[in-house]
Amino acid sequence: MASFTLQGIPVSRGIAIGRAHVLHPAALDVEHFLVAQEQVEAEVLRLQEAIAQVNRDLQTLWSELPQDAPTELGAFIDVHALILADPMISEAPLDIIRTRHYNAEWALATQVEELSAQFDEIEDEYLRERKADIQQVAERILKVLTGTVHQVVRSEGIDERTANMIVVARDISPADMMQLRDDAFTGFVTDEGGQNSHTAIVSRSLGIPAVVGMGNASHLIAQDDWLIIDSDAGVVIVAPDNAVLEQYRDKQAKLARQKKKLARLRKTPAVTQDGVEITLLANIELPEDAAHALDAGASGVGLFRSEFLFMERSGQEHRLPTEEEQFEAYRQAVQGMKGRPVTIRTLDVGADKPLDSSDHNILNPAMGLRAIRYCLSEPQLFMTQLRAILRASAFGKVKILIPMLAHYHEIEQTLAMLEQAKAELTAEGMKFDPQVPVGAMIEVPAAALSLPMFVRKLDFLSVGTNDLIQYTLAIDRADHEVAHLYDDLHPAIIQLMHSIISTAVKADIPVSICGGMAGDIRLTRLLIAMGFRELSMPAALIPEIKQTVLNTQLDLLQPHLKKILRCYDPQSIRETLTAMEQAGVVMH
């Protein structure tokens, strides 16, 4: 067949070469029919038994996890087990069968469609992509109901070069990844997903090349097609000729040698050639991620998203995590970092993703009751979280990060509630760090433009570049029609970033970056030339960023930085950035 190329979203780095293994999951487009009244309870029982079987399968997967498996896999299996036990999946479809007389498959699909529609309205990209978890759990139930449980097909008589398998699917669940762990799979290609999908997260943690969001790759690629994944470029080459294959095998071998060298830098401090130390931190989603962060050589956790504790609890106010549940999760992460600092971000949800049963209708969720606005409107929920974080601070270095601050009164109210939490814990004889640092996420242009208000009241700043870019450019990153306009090198973004670090340096207040720009190796020298000294990123990216820092001489970058700051032509900025990259390189 003729060779062709597909373009998608790169979510990890590297090159994979192998044969396509196309997975065809049980689709949510199922048989639709009504069952007679006398058959309703039998249909209910059929669905209950399928749910119980999936639960047993997940428990088996958990028990068979190898000791060296990435912590993300076990955590995602836990999340799927929680979804399976949630009444929205375990009970609501049963009610649909009883009230509407739908067959089991139809009832489950109906409920999942309703839940998926709710997730589509979520503004936060990370949480929005958790819709895939619900769909993956539903597909596992449907596989049991329809008798189409996935079996890995193995080719006979293959040689070493054809043994590598690239999984191609509409989407891939963590549980499916576990079932494939004994196979020689070297890459993932999915129709769906984005930077924060499970395929993206797990592929980064495993260091496996992956390209997601490819639209209809699973229909265009045939079983056993030769594939090349260039996950740096977000490209999948289908049926490459021998010359292209050999070219990419050479690149792959070179990358493998580089990766071995990078592993030796784990304990090496990230210091530039002219003696400037750069602190490299990890972004984590789960307490178990702390171990992986240490493995990658992180100096601490720059962003611990607390939302995972509140996931899959919509409409179940009584099931919000208790103070004890939150405390245990935070304590586990803090102790896991073995004395290194852990920055815990308070709950970043809002009216577009309510935690109670209220019905919020917001025309523009990004501008609505979210993050700190939501927390201040729900003081009991916020107080519970503040108490739990403070208690965890007794077990290591903890910093509290407040998202989406924009107003002076929000700062005042937050600090007042924190003092109230401290007073309560003191009265109860609970241990905590009374001097726990409190910082603001700078992700709203209003905050970036009024930093003096922040530096007088807070201990540190952390720039959330993803939202800062989105709000500054008025671009919804999830909207494919305008996503191409999302540009971290837009002159307005560069000017804002430079203004933030200049103000922070003058005020002698620490400032880090915890957004996507921190993990983009193209921007490392630009950011440290500006003056940023703390970068927080997915743990797997730390070794390569560290190598860039080690091979950089800052004084050589300054002329190029000045030129970039004077420039408002995007193309000239990119050309100067390339020159800066070349000028700053000093090889050992």
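Biologist: In which loop does Ala239 lie, and what is its phi?

Modeller: The model is a predicted one. Ala239 belongs to the loop between strand 8 (235-238) and helix 11 (242-263). Its phi is near 55 degrees, a positive value in a residue other than glycine. Ala239 counts as buried, because its relative accessibility is 15% and the cut-off for burial is under 20%.

Biologist: Where is Asp224 placed, and is it buried, partly exposed or exposed?

Modeller: Asp224 occupies the loop between helix 10 (217-220) and strand 7 (226-230). This residue, which is not a glycine, has a positive phi of about 75 degrees. With a relative accessibility of 37%, Asp224 counts as partly exposed.

Biologist: How should the length of a helix be checked, taking helix 5 as the case?

Modeller: One compares an expected span with the distance between the end C-alpha atoms. Helix 5 covers residues 104-120, and its 17 residues should span 24 Å at 1.5 Å a residue. The expected value is 1.5 Å times one less than the number of residues. The end C-alpha atoms of helix 5 are 24 Å apart, which agrees.

Biologist: How many of the residues of helix 5 are buried?

Modeller: Twelve of the 17 are buried, and helix 5 is thus mostly covered. An α-helix has 3.6 residues a turn, so residues three or four places apart point the same way. Among the buried residues of helix 5 are Trp106, Leu108, Val112, Leu115 and Phe119.

Biologist: Trp106 has an aromatic ring partner in Tyr102; how are the two rings arranged?

Modeller: An aromatic pair is read from the separation of the ring centres and the angle between the planes. A search of the whole structure gives three such pairs. For Tyr102 and Trp106 the centres are 3.6 Å apart and the planes are at 0 degrees, so this pair is stacked. Tyr102 is buried, with a relative accessible area of 15%, and Trp106 is buried at 18%.

Biologist: How does the pair of Phe327 and Phe395 read?

Modeller: Their ring centres are 5.8 Å apart with planes at 55 degrees, so the pair is tilted. It links distant parts of the chain, 68 residues apart: Phe327 is in helix 13 (residues 323-336), whereas Phe395 is in the loop between helix 15 (379-392) and strand 12 (398-402). Phe327 counts as buried at 8% relative accessibility, while Phe395 counts as partly exposed at 39%.

Biologist: Which charged end sits over the ring of Phe327?

Modeller: That of Arg391, at 4.2 Å from the ring centre. Elsewhere, Lys399 lies over the face of Phe460, 4.4 Å from the ring centre.

Biologist: Turning to the strands, which of them form the closed barrel?

Modeller: Eight strands close the barrel in the order 9-10-11-12-13-14-15-16, with parallel pairing. From one strand to the next, the twist averages 30 degrees. Helix 20 (residues 491-507) packs on the sheet and touches strand 13 (438-442), strand 14 (460-463) and strand 15 (511-513). The direction of helix 20 makes about 150 degrees with that of strand 15.

Biologist: Over how many bridges do strand 10 and strand 11 pair?

Modeller: Strand 10 (residues 301-305) pairs with strand 11 (residues 342-345) over three bridges, in the parallel sense. Arg305 stands opposite Arg345 in strand 11.

Biologist: Finally, how many helices and strands has the protein chain?

Modeller: The chain has 24 helices and 16 strands. Of its 588 residues, 56% are buried.

Key. Residues are numbered from 1 along each chain as its sequence is written. This is a predicted model: local features need pLDDT of at least 70, side-chain atom pairs count only at pLDDT 80 or more; totals for chains, interfaces and linings use all residues. Side-chain values use heavy atoms; hydrogens and water are left out. Helices (H or I, at least four residues) and strands (E, at least two) are DSSP runs, numbered from the N terminus. Buried means under 20% relative accessible area, exposed over 50%, partly exposed in between (1.4 Å probe, protein chains only). Two strands pair if DSSP finds at least two bridges between them. Axes are lines fitted to C-alpha atoms, for helices over the stretch in contact, and angles run from 0 to 180 degrees between N-to-C directions. Contact means heavy atoms within 4.5 Å. Rings of Phe, Tyr and Trp (its six-membered ring) pair if their centres lie within 6.5 Å; planes under 30 degrees apart count as stacked, over 60 as edge-to-face and the rest as tilted. A charge sits over a ring if NZ of Lys or CZ of Arg is within 6 Å of the ring centre and within 35 degrees of the ring normal.
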